[in-house]
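Reader: Could you take me closely through the aromatic part of this model, with the charges that sit over its rings? I would like one connected account.

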Amino acid sequence: MASLQNLICSVSKQLVAPNFAVTAKLNGASHSVVPASSSGASSHEKNVTKRQLALLGAGALATGLLKTSSAFAEEVPKNYKSYVDAKDGYSYLYPAEWRDFDFLGHDSAFKDRNLALQCVRVGFIPTDKTDIRDLGPMDEAIFNLVNNVYAAPNQKPSIYDMQERTVDGKNYWTFEYDLEAPGYGVSAFATVAIGNGRYYTLIVTANERRWSRLRNRLKVVADSFKISDLTA
């Protein structure tokens, strides 16, 4: 676990996420294919209450838009596009108006044309684990990840929700969190999974002040992430 966390940190510390289309990366080229603590209630209590209420609607929206089938690209909701990286074994949805960009230490990334904090990015590192459950209990593993990897020293993390889903025999953890620093805050969903000898991470973020308007839409992105077996 320690060696895996060090690898995650080494990537993370380089950082200071008619409307049908699929962007696919095949053999390195791109093609268009058609703290978090349970305390801290004094400063966050109001936001936590609002966040917990918002959770009730997000699951239904995501479930309605995304069906857990292996044919990922068959159904792309309106106002989304899908990104499929067959070479590296993963895929996900992103808002149709976002554009791709280079995000240090990540394999793929898309962002809003005007608001840089609204973005999604995916990265992966080698691991000898075979399943995300190998990291231990979900709540403990996510708590350590947000507090010790995602949060910078000047940021105060808060975790609001953790979910596990299983698609085609593969397990995924998706969780929602805030990182607050003096003068600004970032809200995010992250989805993590293990397969192909890799630890995959998708993170989709927005400015904390805009989160209530964007949350359900970005939850679809987080829930859409899937990994696929690599072929020799």
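Author: A charge is taken to sit over a ring if NZ of Lys or CZ of Arg is within 6 Å of the ring centre and within 35 degrees of the ring normal. In this predicted model, arginine 165 lies over the face of tyrosine 172, at 4.3 Å from the ring centre, and arginine 217 lies over the face of tyrosine 80, at 5.7 Å from the ring centre. Tyrosine 172 also belongs to one aromatic cluster, which it forms together with Tyr83, Tyr90, Tyr92, Tyr94, Phe110, Phe124, Tyr200 and Phe225.

The structure holds 17 aromatic pairs. In the pair of tyrosine 200 and phenylalanine 225, the ring centres are 6.2 Å apart and the planes stand at 55 degrees, so the pair is tilted, given that planes count as stacked under 30 degrees and as edge-to-face over 60. This pair links distant parts of the chain, 25 residues apart, with tyrosine 200 in strand 11 (residues 198–207) and phenylalanine 225 in the loop between helix 4 (211–224) and strand 12 (226–227). Both tyrosine 200 and phenylalanine 225 are buried.

Two loop residues complete the account. Aspartate 168, in the loop between strand 8 (156–167) and strand 9 (170–181), has a phi near 50 degrees, a positive value in a residue other than glycine, and is partly exposed, with a relative accessible area of 48%. Asparagine 79, in the loop between helix 2 (41–65) and strand 3 (80–85), has a positive phi near 75 degrees and is partly exposed, with a relative accessible area of 36%.

How values were computed. Residues numbered from 1 in each chain as written. Predicted model: local features only at pLDDT ≥ 70, side-chain atom pairs only at ≥ 80, totals over all residues. Heavy atoms only, no water. Phe/Tyr/Trp six-rings, centres within 6.5 Å; stacked < 30°, edge-to-face > 60°. Helix = DSSP H or I, 4+ residues; strand = E, 2+ residues; numbered from the N terminus. Buried < 20%, exposed > 50% of the residue type's maximum accessible area, 1.4 Å probe, protein only.
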